[in-house]
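Please read the points below with the sequence and the structure open beside them. They are meant for a colleague who has not looked at this chain before.

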Amino acid sequence: MTLKQGKNHLTYRVESINIELQLERRLEALGLTEGSLITVLNNDKKGSLTAKFRGARFALGRRIADRITVTEVQQS
């Protein structure tokens, strides 16, 4: 599934990022890399998606969120 399909307050593991190289490098510099955990804070289906990773909150555009493949992490 893609991050764009993520549900509020669930945590996901990034499997791959399939976007142009310059933007991928920028996301890596912010700490969003393959294998990292990301929690969706607000995905109300309009505007940008708000997520938390590496201890900081970020707003990601829908086009970017649609290019990040994730799997849900089971909370215990």
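1. Basis of the model. This is a predicted model, in which local features need pLDDT of at least 70 and side-chain atom pairs count only at pLDDT 80 or more, while totals for chains, interfaces and linings use all residues. Residues are numbered from 1 along each chain as its sequence is written, and side-chain values use heavy atoms, with hydrogens and water left out.

2. The sheet as a whole. Helices (H or I, at least four residues) and strands (E, at least two) are DSSP runs, numbered from the N terminus, and two strands pair if DSSP finds at least two bridges between them. On that basis there is an open sheet of 5 strands, in the order β4-β3-β2-β1-β5 and with antiparallel pairing. Its edge strands are β4 and β5, each of which pairs on one side only. From one strand to the next the twist averages 40°, where axes are lines fitted to C-alpha atoms, for helices over the stretch in contact, and angles run from 0 to 180 degrees between N-to-C directions.

3. Strand β3 and its partners. Strand β3 covers residues 49–53 and pairs with β4 in the antiparallel sense over 5 bridges; within this pairing, Lys 52 stands opposite Arg 57 in β4. Strand β2 (residues 37–42) is joined to β3 by 3 bridges, and these two strands also run antiparallel, with Asn 42 having Thr 50 in β3 as its bridge partner. Burial is judged by relative accessible area, buried being under 20%, exposed over 50% and partly exposed in between (1.4 Å probe, protein chains only). By that scale β3 is mostly covered, since 4 of its 5 residues are buried.

4. The two hairpins. The hairpin of β2 and β3 has 6 residues between the strands, and Lys 45 takes a positive phi near 75° there. In the hairpin of β3 and β4 there are 2 residues between the strands, and Arg 54 in the turn has a positive phi of about 55°.

5. The helix α1 and what covers it. Helix α1 spans residues 21–30, and its buried residues are Leu 23, Glu 24 and Leu 27. Seen down the axis of α1, these buried residues fall within an arc of 100°, so they line one face of the helix; the arc is that of the directions from the helix axis to the C-beta atoms. The face turned away from this buried side carries the exposed residues Leu 21, Gln 22 and Ala 29. Contact means heavy atoms within 4.5 Å, and what covers the buried residues of α1 includes β1 (11–17), β4 (56–60), α2 (62–65) and β5 (68–72). After α1 comes Gly 31, whose phi is positive, near 105°.

6. Salt bridges. A salt bridge is a side-chain nitrogen of Lys or Arg within 4 Å of a carboxyl oxygen of Asp or Glu, and by this rule the count comes to 2. In one of them the side chains of Glu 20 and Arg 63 meet at 3.3 Å, N to O. This pair links distant parts of the chain, 43 residues apart, with Glu 20 in the loop between β1 and α1 and Arg 63 in helix α2. Arg 25 forms a salt bridge with Glu 28, the closest N and O atoms being 3.1 Å apart; being 3 residues apart in helix α1, Arg 25 and Glu 28 are separated by about one helical turn. Arg 25 is partly exposed, with a relative accessible area of 44%, and Glu 28 is partly exposed as well, at 32%.

7. The aromatic pair. Rings of Phe, Tyr and Trp (its six-membered ring) pair if their centres lie within 6.5 Å, and planes under 30 degrees apart count as stacked, over 60 as edge-to-face and the rest as tilted. The structure holds 1 aromatic pair. The rings of Phe 53 and Phe 58 have their centres 4.4 Å apart and their planes at 20°, so the pair is stacked. Both Phe 53 and Phe 58 are buried.

8. The start of the chain. Thr 2 lies in the segment before β1 and is buried, with a relative accessible area of 15%. Not counting residues up to four places away in sequence, Thr 2 touches Ala 65, Asp 66, Ile 68, Thr 69 and Val 70. Met 1, found in the segment before β1, is partly exposed, with a relative accessible area of 42%. The C-alpha atoms of Met 1 and Arg 67 are separated by 9.8 Å, although these residues are 66 residues apart along the chain.
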